[in-house]
Amino acid sequence: MSKLMKFILGLAFLIVIASNSVFVVSEFERGVKLRFGALVDNDLQPGLHFKIPFAEQVRIFDGRILTVDAQPDSFFTSEKKRLIVDSYAKWCIKEVGTYYKATGGVEAVAQNRLA
């Protein structure tokens with residue numbers, strides 16, 4: 001194997017490692033850092049961050065105000081008249097670590113609990 005080929009393979013390896021160790025959290029996102037599945041950093045601030053490749057994983061969540069639209073329910077009043085109630089809830093993630101521990105990072109779980 002020639003020196004040029006070794007150099008190209010080494011450079012490709014370094015590029016793969018570098019691309020797996022740098023990530024960005026934007027201003028409207030919230031994130032947590034996990035090391036082998038265990039929570040390491042509960043609230044990543046917006047900006048450029050670094051992680052250990054293949055050992056740490058980053059979960060990014062939407063930090064904006066979200067809406068849960070519940071299914072319409074029917075109720076009967078005291079006068080025995082049917083009333084259809086359609087409701088919704090506005091919510092956002094304040095404590096990312098608590099949100100991740102409670103829902104596993106799955107937004108559908110949070111929406112089911114709010115509905």
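Modeller: Buried means a relative accessible area under 20%, exposed means over 50%, and partly exposed lies in between (1.4 Å probe, protein chains only). This is a predicted model, in which local features need pLDDT of at least 70, side-chain atom pairs count only at pLDDT 80 or more, and totals for chains, interfaces and linings use all residues. Residues are numbered from 1 along each chain as its sequence is written, and side-chain values use heavy atoms, with hydrogens and water left out.

Biologist: Are Glu56 and Lys33 buried or exposed?

Modeller: Glu56 and Lys33 form a salt bridge, with their closest N and O atoms 3.9 Å apart. Glu56 belongs to strand β5 (residues 56-62) and Lys33 to strand β2, so the pair ties together parts 23 residues apart in sequence. Strands here (E, at least two residues) are DSSP runs, numbered from the N terminus. As for accessibility, both Glu56 and Lys33 are buried.

Biologist: How many salt bridges are there?

Modeller: A salt bridge requires a side-chain nitrogen of Lys or Arg within 4 Å of a carboxyl oxygen of Asp or Glu. By this rule, the count is four.

Biologist: Which strands hold Asp43 and Arg30?

Modeller: The side chains of Asp43 and Arg30 meet in a salt bridge at 3.2 Å, N to O. Asp43, at 29% relative accessibility, is partly exposed. The two residues lie 13 apart in sequence, Asp43 in strand β3 (residues 38-44) and Arg30 in strand β2 (residues 29-35).

Biologist: What is the relative accessible area of Arg64?

Modeller: Arg64 forms a salt bridge with Asp62, the closest N and O atoms being 3.0 Å apart. Asp62 is partly exposed at 22%. Arg64 is also partly exposed, and its relative accessible area is 46%.

How values were computed. Helix = DSSP H or I, 4+ residues; strand = E, 2+ residues; numbered from the N terminus.
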